[in-house]
Amino acid sequence: MAAKGYPESYEKGDEIKVLKDNLPNNVFIFHAGTKKDESNDKIVTNGGRVIASTAISDSLEDAVKLAYIGCENVLFEGKYNRKDIAHRAFKKSTSTDKSKKISITYEDAGVSVDAGNLLVENIKKLVKSTARPGANSEIGGFGGLFDIKAAGYDDVEQVLFVGATDGVGTKLMIAQELNIHNTVGIDLVAMNVNDLIVQGAESLMFLDYFATGHLDLSIAESFIEGVTKGCKLAGCALVGGETSEMPGMYPPGHYDTNGTAFGAVLKDEMLPKLQEMSEGDVLIGLKSDGIHSNGFSLVRKIIESTEFKYTDKAPFNNELTIGEAVLVPTKIYVKQLLPSIKEKLILGLSHITGGGLIENLPRTLPKNLTAKINMNNWEIPEIFKWLGKIGGVPHKDILKTLNLGIGMVAIVKKENVNKVIDNLTKEGEKVVIIGELIKREDNMAGCIVENYENIY
């Protein structure tokens, strides 16, 4: 395994981690261009050809396969190793006899069942950390189980089950380019559980799907680390999922993902409450943590059309690179909103994803009402101003693409505003009153935005 940049200029001093517990029997790691950093008692890179994986088996081909598993369990920045070693020893017969028998395994076709099984074993502790009442079984079965009564829903006849499925979109391409995978797992959970809460539903369980051309254990485990963190933030259990290795379907280092969440809501708490909405109801905006997970085709186009790189320091935030700033995960709003839902203080919720405020809010309203928003009521985060300016994006276009600092909107009666804001701020939520509902006249849009010309 070589250092990044080898055989030309390469870095030294990067920490090396060897996941010893994941190494199969008869796989050995030999040091070469390494040294011990006495200041922190860590092993670091100190050469071009850094460290080697060697394996012993009954056949050369099996030994090579084991050696590659060893490589996957050695981690350091910019690590590179060839994947064609010894291929000449495995050449198939050139005989023209088509009836001659050959022996090809599933692993020869590019799918490692052993690697998939090892991933399941490695993530069991992470998955167990998401356990909650109603879901306490281990992963590894054919489906996830949930006991709805154990979750506190005694009167099952009054319970509605809600399901949502979504992905992360092209934000994944930036994560893969920067080799940062533990945030997009949070995004995956957030995009689903936030869609459940807008219907008043408590998130109960989550399942994920991870598809790749070649299963890299370190990438997959980092991704699942994010998924489990998202599940804990939402209060739901990760009860299962699917890891699919599909050679030839995805370029090296690439993967795609999807998630499915299930929740429950009592019939009298289901949102939106369209019949109870009226003129003068207040729109409370819950602030976003950044771009979240929509509009990334526009974001990528803007950045890649300039001289900026994802590894450059962000002009709008000196503490982050541009890549780190755009990868800040989607905020999860579940636990913060549940108390006000249970107290029946909220009439409706709108998750601000693709379409922005102007297309998402009308989906929550009756046909006779319009949302009127004043953008002077909150400060647009600098990341949105920067993207709009360098991309020359028309104000109306960015307004219907990105969240512009508001990730969720709650519709509340005037007399309940203070109580809802109090509930939210107790949970550390940053909120702002962004507008109100007005009577919808003929040919009026479902959402009217004032002062949007001042976005940037």
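The model is predicted, local features need pLDDT of at least 70, side-chain atom pairs count only at pLDDT 80 or more, and totals for chains, interfaces and linings use all residues. Residues are numbered from 1 along each chain as its sequence is written, and side-chain values use heavy atoms, with hydrogens and water left out.

**Exercise 1.** Determine how many disulfides the structure holds.

Solution. A disulfide is a pair of cysteine sulfur atoms within 2.5 Å. For C236, the closest cysteine sulfur belongs to C231 and lies 3.9 Å away, which is too far for a bond. The structure holds zero disulfides. C236 is buried (under 20% relative accessible area; exposed is over 50%, partly exposed in between; 1.4 Å probe, protein chains only), at 1% relative accessibility.

**Exercise 2.** Classify the ring pair of F210 and F223.

Solution. Rings of Phe, Tyr and Trp (its six-membered ring) pair if their centres lie within 6.5 Å; planes under 30 degrees apart are stacked, over 60 edge-to-face, the rest tilted. The structure holds six aromatic pairs. The centres of F210 and F223 are 5.2 Å apart and the planes stand at 40°, so the pair is tilted. F210 is buried at 3% relative accessible area, and F223 is buried at 0%. Ring pairs join F210, F223 and Y255 into a cluster.
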